[in-house]
Amino acid sequence: GLGSFQQGEALLRRSLSLTGVAASSRARGYVALGDALSRDGQYGPAMGSYKAALALATDVSDPRPDLIGRIYDGFGEAATGLNAFPEADRLIHKALSVDLAGPGRNSPDVARDLEALSVNDVFAGRLDEGRKSLEQALAIRRKIQGELHPLVAQDLMTLGSIAYLQHDSLSAERYYRGELKSARLVLGPDHPDVAFIENN
């Protein structure tokens, strides 16, 4: 969360080297390691970490069904990073199916899946589809987590960027103004992120 990916990766690797740790806890550790590797652009190793997480999360002796959707999202996001857009689409839709059947249509997990789909669509050049998925994710986040949740602001920023790329300046401004309102309340008027949004 602080952006210290290499330090985080080192801590995760240390925790995963410990003995006597429950499979369910190790599964969570491998998911976190996959996330750290993916954020650092190491998409191949991230895939390996998610594969280890999936094997542990589906272990019948100590299963973690709550992690399955997140793991498939991780696979999908890494595939997006590798420009394997059709494979990413397949994996993220698998996550969406799992989360719709589990936590349900209005859960943050489904919002996360829709955000991953949106990123994949945008990188694949499908801006309309990406914008639609992200608007659905934003509606869920607003309903469940509220206007001040940081992922609401992040979705508004991304929607503003998509609209800008579509030459829809009015919508871009509307999204950025929504993000600015939230950022001013959470971060205060003099925060650098607020200035960045004002520039947008």
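This is a predicted model. Start with helix α2, residues 23-39. At 1.5 Å a residue, its 17 residues should span 24 Å, and the end C-alpha atoms are 24 Å apart, so the two agree.

How many of the 17 residues of α2 are buried? The count is 12, so α2 is largely enclosed by the rest of the structure. Among the buried residues are Ala23, Arg26, Ala27, Val31, Leu33 and Asp35. Gly29, Gly34 and Ser38 are buried too. The buried residues of α2 pack against three helices: α1 (5-17), α3 (43-57) and α4 (68-81). After α2 comes glycine 41, with a positive phi near 80°.

**Helix pairs**

Two packed helices are described by the angle between their axes and the distance between the axes.

| Pair | Angle | Axis distance |
|---|---|---|
| α2 and α3 | about 165° | 8 Å |
| α7 and α8 | about 160° | 10 Å |
| α4 and α6 | about 10° | 10 Å |

Take α2 and α3 first. An angle over 145 degrees counts as roughly antiparallel. α2 and α3 are therefore roughly antiparallel to each other. Their crossing is left-handed. On the α2 side, the contact includes Ala23, Tyr30, Val31, Leu33 and Leu37. On the α3 side, it includes Tyr43, Pro45, Tyr50, Leu56 and Ala57. By class, the contact of α2 with α3 has 14 nonpolar, three polar and two charged residues. Arg26 and Asp35 of α2 also take part in this contact, and both are buried.

Next come α7 (residues 127-145) and α8 (residues 150-165). These helices are also roughly antiparallel to each other. α7 and α8 make a left-handed crossing. α7 contributes residues including Leu127, Arg131, Leu134, Glu135, Leu138, Arg141 and Arg142. α8 contributes residues including Leu151, Val152, Asp155, Leu156, Leu159 and Ile162. The contact of α7 with α8 divides into 11 nonpolar, two polar and five charged residues.

How are α4 and α6 (residues 108-123) oriented? Their axes make an angle of about 10°, and α4 and α6 are therefore roughly parallel to each other. Gly69, Arg70, Asp73, Glu77 and Thr80 of α4 meet Arg112, Asp113, Ala116, Val119, Asn120 and Phe123 of α6. The contact of α4 with α6 has three nonpolar, three polar and five charged residues.

**A buried aspartate**

Aspartate 99 lies in helix α5 (residues 85-101). Is aspartate 99 buried or exposed? Its relative accessibility is 3%, so aspartate 99 counts as buried. Beyond its neighbours within four places in sequence, aspartate 99 touches Gly69, Gly104, Asp109, Val110, Arg112 and Asp113. Of these partners, Gly69, Arg112 and Asp113 also belong to the contact of α4 with α6.

**Positive phi in loops**

Most residues other than glycine have a negative phi. Asparagine 83 has a positive phi, near 60°. Asparagine 83 sits in the loop between α4 and α5. At 53% relative accessibility, asparagine 83 counts as exposed.

Histidine 167 also has a positive phi, of about 60°, and is not a glycine. Where is histidine 167 found? Histidine 167 is in the loop between α8 and α9 (169-187). Its relative accessible area is 72%, so histidine 167 is exposed.

Technical notes. Residues are numbered from 1 along each chain as its sequence is written. This is a predicted model: local features need pLDDT of at least 70, side-chain atom pairs count only at pLDDT 80 or more; totals for chains, interfaces and linings use all residues. Side-chain values use heavy atoms; hydrogens and water are left out. Helices (H or I, at least four residues) and strands (E, at least two) are DSSP runs, numbered from the N terminus. The expected span of a helix is 1.5 Å times one less than its number of residues. Buried means under 20% relative accessible area, exposed over 50%, partly exposed in between (1.4 Å probe, protein chains only). Contact means heavy atoms within 4.5 Å. Axes are lines fitted to C-alpha atoms, for helices over the stretch in contact, and angles run from 0 to 180 degrees between N-to-C directions. Angles under 35 degrees count as roughly parallel, over 145 as roughly antiparallel, 65 to 115 as roughly perpendicular and the rest as oblique. A crossing is left-handed if the near helix is turned anticlockwise from the far one by less than a right angle, and right-handed if clockwise. Ala, Val, Leu, Ile, Met, Phe, Trp, Tyr, Cys and Pro count as nonpolar, Asp, Glu, Lys and Arg as charged, and the others, Gly among them, as polar.
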